[in-house]
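Please look over the sequence and the structure first.

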Amino acid sequence: MSSVKSPSAPPQSFIWTRRVVLTLLALFALVPVYVMVSSSLKPLQDVSGKFQWIPTNLTIRPYFDIWKTVPLAKYFVNSLIVAGSATVASVIIAVFAAYAVSRYSFRGKRVFTVTVLSTQMFPGILFLLPLYLIFVTIGNDTGIQLSGSRGGLILTYLTFSLPFSIWMLIGYFDSIPRDLDEAAKVDGCGPIGALVRVVVPAATPGIVAVAVYAFMTAWGEVLFASVMTNDNTRTLAVGLQGYATQNDVYWNQIMAASLVVSVPVVVGFLLLQRYLVAGLTAGAVK
């Protein structure tokens, strides 16, 4: 009877090295957060001078002043509308496009997939001037003002998120057994019914990952938002610049506003993190 050897434990030097490295990485990530939080709870005179690691005068006044110094509430609503609309549109279009590429054969399929992927090779700034000229031309010819509007900014962010979303979902749909589609068709579902009732629930982790990517792309983008918006449609990423005036920079309010801006993203990750783990299709085909 042969004895099974248990795996040997790692040496103590390796364990302590790992602990030190992980501690340093945690400090590297948490120190900026601490600076942001502590600065947001200080009066302006304490933030403008030499930084104090242990604040002495704490106040929550900056969290009330951020809504008065700049119209932060309006910027918040604009960002939610733009980012939410871009996310929903990107997910819906990407699901149908990726499903068609994954499940059907058609002329130009390979060219389409390669073209979609190749768009990620170019830096986004290359599309700034062409998109702006296209929006201005459309506005002059049709009267539909896309430049300076939320709709134009949503279309702009779709050009960023759609290629990656489609490519990612193509690979995810390919991993879902086609037997699920066939079983749904046997039960009387058409192609759209099979997609909505069977494939989409099985592909929930991939769809959520695409949605998070699309939302993050639209929520924190600055360059295109600064060009494609005006005072009424300005988003949070651009609106934070309003705390810097010609005479002074309200550092404590900038830090407080930055924390407020981060709340939707953090809450979204906490609510959706369980969907980011793949493997819902395991055992789906009986």
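Helices (H or I, at least four residues) and strands (E, at least two) are DSSP runs, numbered from the N terminus. By that rule the chain has 13 helices and zero strands. The pattern along the sequence is α-α-α-α-α-α-α-α-α-α-α-α-α.

This is a predicted model: local features need pLDDT of at least 70, side-chain atom pairs count only at pLDDT 80 or more, and totals for chains, interfaces and linings use all residues. Residues are numbered from 1 along each chain as its sequence is written, and side-chain values use heavy atoms, with hydrogens and water left out.

**Overall form**

The radius of gyration of the chain is 25 Å, whereas a compact globule of 286 residues would have one near 19 Å. This radius is taken over C-alpha atoms, and the globule rule is 2.2 Å times the number of residues to the power 0.38. The C-alpha trace spans about 80 × 70 × 35 Å along its principal axes.

Contact means heavy atoms within 4.5 Å. Among contacts between residues at least 6 apart in sequence, 74% join residues at least 24 apart.

**Surface and charge**

Buried means under 20% relative accessible area, exposed over 50%, and partly exposed in between (1.4 Å probe, protein chains only). Of the 286 residues, 35% are buried. The chain exposes about 17,200 Å², and carbon and sulfur atoms supply 68% of that area. Accessible areas come from the Shrake-Rupley method with a 1.4 Å probe; for residues, only the protein chains shown count as cover.

There are 19 positive and 11 negative side chains. Lys and Arg count as positive, Asp and Glu as negative; His and the chain ends are not counted. The centres of the two sets lie 8 Å apart. Each charge is placed at NZ of Lys, CZ of Arg, CG of Asp or CD of Glu.

**Aromatic pairs**

Rings of Phe, Tyr and Trp (its six-membered ring) pair if their centres lie within 6.5 Å; planes under 30 degrees apart count as stacked, over 60 as edge-to-face and the rest as tilted. The whole structure holds eight aromatic pairs. Two of them are set out below.

| Pair | Type | Centre to centre | Angle between planes |
|---|---|---|---|
| Phe76 and Trp219 | edge-to-face | 5.8 Å | 85° |
| Phe164 and Tyr213 | tilted | 4.4 Å | 45° |

What does each pair tie together? Phe76 lies in helix α4 (residues 72–103) and Trp219 in helix α10 (residues 204–219), so their pair ties together parts that are 143 residues apart in sequence. Phe164 lies in helix α7 (residues 150–174) and Tyr213 in helix α10, so that pair joins parts 49 residues apart in sequence.

Phe76 and Trp219 are both buried. Phe164 is partly exposed, at 33% relative accessibility. Tyr213 is partly exposed too, at 26%. Ring pairs also link Phe76, Phe215 and Trp219 into a cluster.

**Two single residues**

Is Ala94 buried or exposed? Ala94 is buried, because its relative accessible area is 0%. Ala94 sits in helix α4. Beyond its neighbours within four places in sequence, Ala94 contacts Leu162, Ser165, Ile166 and Leu169. Val20 is 74 residues from Ala94 along the chain, and their C-alpha atoms are separated by 43 Å.

Val267 belongs to helix α13 (residues 251–272). Val267 counts as partly exposed because its relative accessibility is 38%.
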